[in-house]
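Trainee: I would like to go through this structure with you, one contact at a time.
Mentor: Go ahead and ask.

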Amino acid sequence: MSGTNPAPATAHLWRDWPYPRVVSHRGGGKLAPENTLAAFEMGASLGLRMVEFDAKLSADNVVFLLHDDTVDRTSDGHGAAAQMTYAEIEKLDAGSWFGADGRFAGQTMPTLAQVAERCQALGLAANVEIKPCPGREAETGTLVAQAVKALWAGQAQPPLLSSFSYEALEAAATAVPELPRGMLYEAVPTHWRDDARSLGTVTLHASHKHLDGPQVAEIKAVGLHMLVYTVNEPARARELAAWGVDAICTDRIDLIGADFLADL
């Protein structure tokens, strides 16, 4: 983390969690090709009301959806996304790799603008993970935050920004301080309080694999909300909710539905 220019704080911490408690990972979990419009349609068709997805920049600074630094795993293309224009990326098939029946063939890696339109049409809240390619951390954080502000303008609930990159989230906070944001970790580090203070975060996001009840209680005690990933066992989801976790991100939207945690 840079630590040179503390990011502006958000106006206040939430008293209550304002988003749905179950979040569909990469749009449609394991039921559709990740980070495609078909994934959002899948999540919505099963009643999910919030989706998580990954946003990064093409070579010509178009914000689009992709998890990896290369297009190889989730499309029929090859190469580093940071070296491709969006016109080149848009031509790739991002659906045929998923399943043998071909029903997702022709899906593309959508722009953030296309995703915003689809989320709003489907009534989906969003967790936008800022996923910069190496060396583009601050640039990606800035441009994603600015795009989110413009694309969700006038909506009652703005997207929640998150990132594993301190630099990207710091840049997002500086560019659009009013957007809610959360730092992402695999295992929660000892400096999480310092990160939350300097970034003005309202949430902490972490892998459920390294959490226990006392740690969740400690994080919640300072006023932060918690989103944990990627929780695919219903019993584990209930355990985490009982500890005080506010939301879970899951691939198994067929097992852990929108109202799964409604009674907790």
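Mentor: Start with a contact between two helices: Leu37, Phe40, Glu41 and Ala44 in H1 meet Gln114, Val115, Arg118, Cys119 and Leu122 in H3. Contact means heavy atoms within 4.5 Å, and helices are DSSP runs of H or I with at least four residues, numbered from the N terminus. This is a predicted model, where local features need pLDDT of at least 70 and side-chain atom pairs count only at 80 or more, while totals for chains, interfaces and linings use all residues. Residues are numbered from 1 along each chain as its sequence is written, and side-chain values use heavy atoms, without hydrogens and water.

Trainee: Are H1 and H3 roughly parallel or roughly antiparallel?
Mentor: The axes, lines fitted to C-alpha atoms over the stretch in contact, have angles from 0 to 180 degrees between N-to-C directions. Those of H1 (residues 37-45) and H3 (residues 112-122) come within 10 Å and cross at roughly 15°. Angles under 35 degrees count as roughly parallel and over 145 as roughly antiparallel. Therefore H1 and H3 are roughly parallel.

Trainee: What percentage of the 264 residues count as buried?
Mentor: Buried means under 20% relative accessible area, with a 1.4 Å probe and protein chains only. Of the 264 residues, the buried share is 55%.

Technical notes. Angles under 35 degrees count as roughly parallel, over 145 as roughly antiparallel, 65 to 115 as roughly perpendicular and the rest as oblique. Buried means under 20% relative accessible area, exposed over 50%, partly exposed in between (1.4 Å probe, protein chains only).
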